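These are my notebook entries on one protein chain. I record below what I looked up, entry by entry.

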Amino acid sequence: MKNYTLLGALTLVLGQPVFATEMPAMPMDKMPMKEMQMEQSGAMATAQASGTVKAIDSQKGSVTIAHGPVPAVKWPAMTMGFKATPEQLAQVQVGQQVMFEFKSEGMTATLLSIKPMQ
């Protein structure tokens, strides 16, 4: 009886990947997406925060900032890159404490303003 139980369990566990690979992909290019109601989680939000400049990349037009929690966009404290203009990048240096305002749209965050804290 133990052998049948073990055989049944192994069949279930090892058989799962086989069933998953046999399923055809659902083509999404012909789906009528315009009529579907979707949550706008990628909507643009504006927020203010403070943090420490960790890196500046003039080539990419970005600044990396370690910031505290940002309740306005429900972000925890983290270190991340923000798009920035050359003028904004010129105002700050690595290691400086800064106050900044940004807009967040989906996975993209763009600085609206940034200034060193006194």
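Entry 1. Is Phe100 buried or exposed? I looked up its relative accessibility, which is 3%. Buried means under 20% relative accessible area, so Phe100 counts as buried. I note at the outset that this is a predicted model, and that the values below are computed from it.

Entry 2. I next checked the confidence of the prediction. The mean pLDDT of the protein chain is 78, and 64% of its residues reach 70 or more. Over residues 17–29 the pLDDT stays under 50, and the model gives this stretch two contacts beyond four places in sequence. Residues 33–41 also have a pLDDT below 50, with two contacts in the model beyond near neighbours in sequence. Where pLDDT is low, the predicted coordinates should not be read in detail. I therefore do not read the coordinates in detail where pLDDT is low.

Entry 3. I then listed the elements. The protein chain holds two helices and five strands. Read from the N terminus, their order is α-β-β-β-α-β-β. Of the contacts with a separation of 6 or more, 49% join residues 24 or more positions apart.

Entry 4. I looked up surface and interior. The accessible surface of the protein chain is about 9,200 Å², and carbon and sulfur atoms account for 60% of that surface. The chain has 118 residues, of which 24% are buried.

Entry 5. Which residues have the most contacts inside the largest nonpolar core? They are Val63, Trp75, Phe82, Phe100, Phe102 and Leu111, in a core of 19 residues. At least two residues of this core come from each of strands S1 (45–57), S2 (62–67), S3 (78–83), S4 (97–105) and S5.

Entry 6. I turned to the aromatic rings. A search of the whole structure finds four aromatic pairs. One of them is edge-to-face: Phe82 and Phe102 lie 5.3 Å centre to centre, with 65° between the planes. This pair links distant parts of the chain, since Phe82 is in strand S3 and Phe102 is in strand S4, 20 residues apart. Both Phe82 and Phe102 are buried. For Phe102 the relative accessible area is 0%.

Entry 7. Why is the pair of Phe100 and Phe102 tilted? The planes of the two rings stand at 35°, with the centres 5.8 Å apart, so the pair is tilted. I also found that Trp75, Phe82, Phe100 and Phe102 form one aromatic cluster.

Entry 8. I looked up the surroundings of Trp75. Beyond its neighbours within four places in sequence, Trp75 contacts His67, Pro69, Val70, Met80, Phe82, Phe102, Ser104 and Ala109.

Entry 9. I examined Lys74, which lies in the loop between S2 and S3. Its phi is near 60°, a positive value in a residue other than glycine. Most residues other than glycine have a negative phi. Lys74 counts as exposed, because its relative accessibility is 77% and exposed means over 50%.

Entry 10. Finally, where does Met117 lie? Met117 is in the segment after strand S5 (108–116). With a relative accessible area of 39%, Met117 is partly exposed. Leaving out residues up to four places away in sequence, Met117 touches Ser50, Gln97, Val98 and Met99. The C-alpha atoms of Met117 and Gln97 are 5.6 Å apart, although the two residues are 20 residues apart along the chain.

Terms used. Residues are numbered from 1 along each chain as its sequence is written. This is a predicted model: local features need pLDDT of at least 70, side-chain atom pairs count only at pLDDT 80 or more; totals for chains, interfaces and linings use all residues. Side-chain values use heavy atoms; hydrogens and water are left out. pLDDT is the predictor's confidence in each residue, from 0 to 100. Contact means heavy atoms within 4.5 Å. Helices (H or I, at least four residues) and strands (E, at least two) are DSSP runs, numbered from the N terminus. Buried means under 20% relative accessible area, exposed over 50%, partly exposed in between (1.4 Å probe, protein chains only). Accessible areas come from the Shrake-Rupley method with a 1.4 Å probe; for residues, only the protein chains shown count as cover. A nonpolar core is a set of buried Ala, Val, Leu, Ile, Met, Phe, Trp, Tyr and Cys residues joined through side-chain atoms within 4.5 Å. Rings of Phe, Tyr and Trp (its six-membered ring) pair if their centres lie within 6.5 Å; planes under 30 degrees apart count as stacked, over 60 as edge-to-face and the rest as tilted.
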